[in-house]
Amino acid sequence: MRHTRELIAAIGLILTLSAPAWAQKSDRKAKAIELGEMLAQSCMACHGTRGASTQQAIPTIGGQVDSYLAGSMKAYRDGTRPSTVMERIANAYSSREIDALAAYFSNQPFARPPQNTDPDKVTRGQAVHMRKCNRCHLHNGRDTTESDSPLLAGQKLEYLQRNMVDILAGKRVIELKMNSALMEINPDEIDATLHFYAAQHGDLP
Amino acid sequence: MTATMRRRFLKLAGGMVSLPLITPLVRAAELLPRKGTRVVVVGGGFGGAIAAKTLRLANPEIEVVLVERNRSYSALPGANWVIGGSRRIGENRLTYDRLEGTYGVQMLYGEAQSIDVDAKTVVLNEGTLAYDHAIVAPGIDFRFAEIEGYSAAETPALFPHAWRSGEEIMALKKQLDDMKNGGLVVVSLPLPPYRCPQAAYERISQIALLLRRTKPRSKLVVLDASPAITSMAQLFVNGWAREYEHLIDYRGGQAVLKIDAPRARLSTSGETFRADVVNLIPPQSAGLLAQKSGLVGEDKRWCPVDHSTHESTLAAGVYVIGDACLGDDLQKSASAANAQGKACALNIAATTARRKTQTHFYSNVQYSLLNDRDGASSVAFYRGETRKPTRMEKGGGTSAEWSELEGNYARAWLGGILAEMSS
């Protein structure tokens, strides 16, 4: 216990003495989060407290990757990502405000309560994930640091399925490598993979 | 409220009852001893409950007391769907147990009588609650006197309004279920501002759905005091034409002026109807608590607030949120109350921590169901940059058409907002 405290103090000292660029970036991020907090309140009525969705049709955005959240909002705003209500909502925010929203929500924990999934699909989906998706959606879709790909683990199943309908119908602009991966797997395998992501719950192992 | 506090409260309440003659003479006792900065929230509806939770999330140092008259809350949004048959009223009920258990909101079940602005206390029959800031979410009351023949005690049972609590929808539904095929239903709407006009047009759609399915020879006459539909007008016009063409007879500019409820009659300036079922939604004002606390403005109806903070312009330190506020005509909704509650709570938490407050920014997202499948939504954004409510030009708008997808989102919206305020 005492050692832990000393270690934390030592790390704190190192961080304090490190390059000002780091501090500046963190200061900018802190300001964005502060601005984002007020803007984010309206989102929570649907997307849940601090972005932890309680509804199958609505994605969890708390803890989601910063650049992915900002990119999605901007795509809703310019209509390149199809939506019912999100375009009308995204239109109300400036780019700076969208970045602040993304900073705020990405700074929250990604809540993963258990969901109803098909165990057989989960097993098959894991195999597909390892074969086709693993290189971008790292660590079973739980990666938080190494890529710009959205977190998928623990995301709401109904939302994932609805979103995949749009992707397969060519209504959503996606990366080429995602497109080619999808061409190589059949619809059953895709659905199984979504069950695999949705089935992951609880804290990171 | 801890067990000790509850015991103390009951003891105190019991003591008051046994000494009725002395009560007015002694200074009312503090119900819960205050330890630090305290915010008292009055009213546990869509605005108040989420304001209490948000305060505790934003700054757990703040003591938050939520005064609410009912232990179980029955929400009005989605209650219309019970008429059409796609929802059970039980799904609209919630309790405050998790606000208390998870977030440490102190619940005080009782009826706030008034706010004493000078003493900074909320006054209940049993005693008082001192506050540093008060958030008041009193909801609505009715201006019954404007309808000749209306009896506040007797008319609501005969001509249910079902406009204050979700539970009231059951009396209206029973009348509709008991009606003969070929009957006449009249729905009467007041002039805005009133609580959630869009919900009134949804109500009409859901009654029409029930009639079409179970008593298709019936008629539904709508007497709207407004000259035309005030929310999602084109969507309702098109949707009714498609789904309920020979069923709904919509008449704009027709205020109900006089009623004889025991004889099932109601009259506009030019016509008298004898109806089998009447859903009479009377004109409205801010809730009684606002009136008794001097929070109602010159119009004698609504509470004027500074829209950059939602602080009452008539009482410093008192913030009024939700339907009771004077604002945009279409702003009175569960969604707007929820968003105002959160914005207000964040800024009170910031002030308490000596941090900078932020401009209020919030959306009003209203979903409606046309039948048991298709939904649509209207969205508006507000920015509290001035003392007046500033509806933003950028963003917002209504759906292009009714869709099954938005029907799903309507249900998800309701599930989400109910979970947010109670868990």
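The following conversation is about a predicted model and asks what stands behind some of the words used for its chains and residues.

Biologist: What makes chain B as compact as a globular protein of its length?

Modeller: Chain B, with its 11 helices and 25 strands, has a radius of gyration of 22 Å, and the globule rule gives 22 Å for 423 residues, so chain B is as compact as a globular protein of that length.

Biologist: Why is B:Arg143 called buried, and why is B:Glu146 called partly exposed?

Modeller: Buried means under 20% relative accessible area, and B:Arg143 has 17%, so B:Arg143 is buried. For B:Glu146 the value is 42%, which lies between the 20% and 50% limits, and therefore B:Glu146 counts as partly exposed.

Biologist: How do you know that B:Glu146 and B:Arg143 meet in a salt bridge?

Modeller: The cut-off is a side-chain nitrogen within 4 Å of a carboxyl oxygen, and for B:Glu146 and B:Arg143 the N to O distance is 2.8 Å, so the pair qualifies.

Biologist: Why is the bond between A:Lys121 and A:Asp191 called a salt bridge, and what does this pair tie together?

Modeller: The closest N and O atoms of A:Lys121 and A:Asp191 are 2.9 Å apart, which is within 4 Å, so the name applies. A:Lys121 lies in helix α6 of chain A and A:Asp191 in helix α10 of chain A, so the pair ties together parts that are 70 residues apart in sequence.

Biologist: What makes A:Lys121 partly exposed?

Modeller: Its relative accessibility is 23%, which falls between 20% and 50%, so A:Lys121 counts as partly exposed.

Terms used: Residues numbered from 1 in each chain as written. Chains lettered and ligands numbered in written order. Predicted model: local features only at pLDDT ≥ 70, side-chain atom pairs only at ≥ 80, totals over all residues. Heavy atoms only, no water. Helix = DSSP H or I, 4+ residues; strand = E, 2+ residues; numbered from the N terminus. Rg over C-alpha atoms; globule rule 2.2 N^0.38 Å. Buried < 20%, exposed > 50% of the residue type's maximum accessible area, 1.4 Å probe, protein only.
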